[in-house]
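Q: I have this one open for the first time. Can you walk me through a few parts of it?

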Amino acid sequence: MKQYLIIYLLAFGGFLVGTAEMMIAGILDLIADDFRIAVGLAGQSVTAYALVFAIGTPILIAASSRIERRTLLLIAYAVFIAGNIAAFASSSFGWFMLSRAVLAAGAGVIVVVSLTVGARLAPPDRRGSAIGTVIMGFSLALVLGVPLGALIGDLSGWRTNFALLAALAFLLWIALWRLIPSSGADEPVPPGRQLSSLRDAKTVSGLLVTLFWIAGYQLVFTYLSPLLRTSAGIDTAMVSTALLVCGLFSVAGSRLGGYGADRWGTARTITFSLLTHAAALVVLPFASVSIIGALAVLAVWFGSAWTTTPAQQYYLVSISPGAADFVLSLNNSILQLGIAIGAAAGGLIAELSSVRQLGWAGAAAELLALLAAAYSFSRIARTAESPRL
C-alpha cells in the first residue's frame, strides 16, 4: 500500500507543477497591472518558462545521471519551492521572469523523475497504470488548478497563488522525504550512452509520435473558443462549460491510457487512441454546429488525446531502459516544441482559410503520428526482452 500512496503523492506533485505552469493564463492581466507593463510583455513569462523547460530538462537530466533518483526528486522540489517563493517576492518583472526560469528548471526534472520513480515503485503489470496516475495529476491542473488560480488571484492577489504552491510543495517534500525508500546510487549512465538513443530508429520514431500528436492537438485546442463561437454561436459561459468537459475527460483519459497500457499493451492503446483522436477532429467541424454535438465530440477528443499520454510515456520507458530519464526529458522537450508548432500552424490556417478547417488539419497530424507509431512498433525485435506491445 505504501508504494501506491507514494504514487498518488507524485500525482499531487504533478498537479502542483501543472498548476504553476498553466495558471498564468488566468492571472496574466493581474501580473501585467502589478508590474505596470503590457499584457503582451507579461506573456513572455510563458515563453521563458517553455524555453527553459524544453532546453534545460534534457541537459539537467543528463548532467544528474549519477544522482540517485530519490535525491534528485527532492532537489528538484527544493528548486521548485524556491522558484515559487521568488515569484511571490518579485519586486520587478525581471525578477519574476527569473523566477519562472527557476520554476521551469525544477518542474522539468520533477516531471521526468516522477514518471520513472512511479513506474519503478509499481509491480511490472501495473506500471502503465502508475504512469497514468502521475499524469492524471497534471490533467487535474487543467480542471482545478487554472480556475482556482484565477479565483485566488482575483480575491487575494496573484502572488498568493505562488505562496500557496510553495507551502503545499514544502509539505509534499516532507512526505516524499519520509516515504520514498532509498534505492542506493543509480548506475551512472555516460552522456554518450544516453545520446546513443538518438541513433535508435524505434526511439526517434517514437519521439515523432509525440511531436505529431501534440501538434495536431494544440493546432485545434489553441483556437477552440473561436471555433465554438463561429460554429455553434455559443457564449462565454458555454465555452467555460466546454472547457470543463475537456478537463474532466482528460482526467478520465489519463486513467484509461495507463490501464490500457497494462491490460492491452502500449501498441494497441496508442493506435486506438490516435485513431479515435483523428476521427473526433474530423467530425468536430460538423458536430460543433450544435452545443450537444460539440460537447459530445469534445468529450471523445479529450478522452482519446489524454489516453495517448501515459501509454506513450510507458512505451518510451520500455524501449529505452538504459536511458529512460533522458528519453523522457527529450519527449517533454518535443512536447513543448509540438505545442509551439501546432499553435503557429493553427494560426496560419485560421488566417488563410477558416477556423472550421482546423479539425481536418489536426486529424492529418494525428495520422502522421499513427504512421510514426507503426514504424516504431515494427522496429522492435520480437524477443523475450522486448517491451510488451
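Q: How are α4 and α15 oriented to each other?
A: They are roughly antiparallel, a label for angles over 145 degrees, while under 35 is roughly parallel, 65 to 115 roughly perpendicular and the rest oblique. This is a predicted model, where local features need pLDDT of at least 70, side-chain atom pairs count only at pLDDT 80 or more, and totals for chains, interfaces and linings use all residues. Residues are numbered from 1 along each chain as its sequence is written, and side-chain values use heavy atoms, with hydrogens and water left out.

Q: At what angle do helix α4 and helix α15 pack?
A: About 170 degrees, with the axes 9 Å apart. Axes are lines fitted to C-alpha atoms over the stretch in contact, and angles run from 0 to 180 degrees between N-to-C directions. Helices are DSSP runs (H or I, at least four residues) numbered from the N terminus.

Q: Which residues of α4 meet α15?
A: Among them are Phe53, Pro58 and Ile61 in α4, and the α15 side includes Phe326 and Leu330. Contact means heavy atoms within 4.5 Å.

Q: Switching to Thr210, which helix is that in?
A: Thr210 is part of helix α10, residues 201-221.

Q: Buried or exposed?
A: Thr210 counts as buried because its relative accessibility is 1%. Buried means under 20% relative accessible area, exposed over 50%, partly exposed in between (1.4 Å probe, protein chains only).

Q: And what does Thr210 touch?
A: Leaving aside neighbours within four places in sequence, Thr210 contacts Gln312, Asn331, Ile334 and Leu335.

Q: How many residues of α10 are buried?
A: 16 of 21, so α10 is mostly covered.

Technical notes
Helix = DSSP H or I, 4+ residues; strand = E, 2+ residues; numbered from the N terminus.
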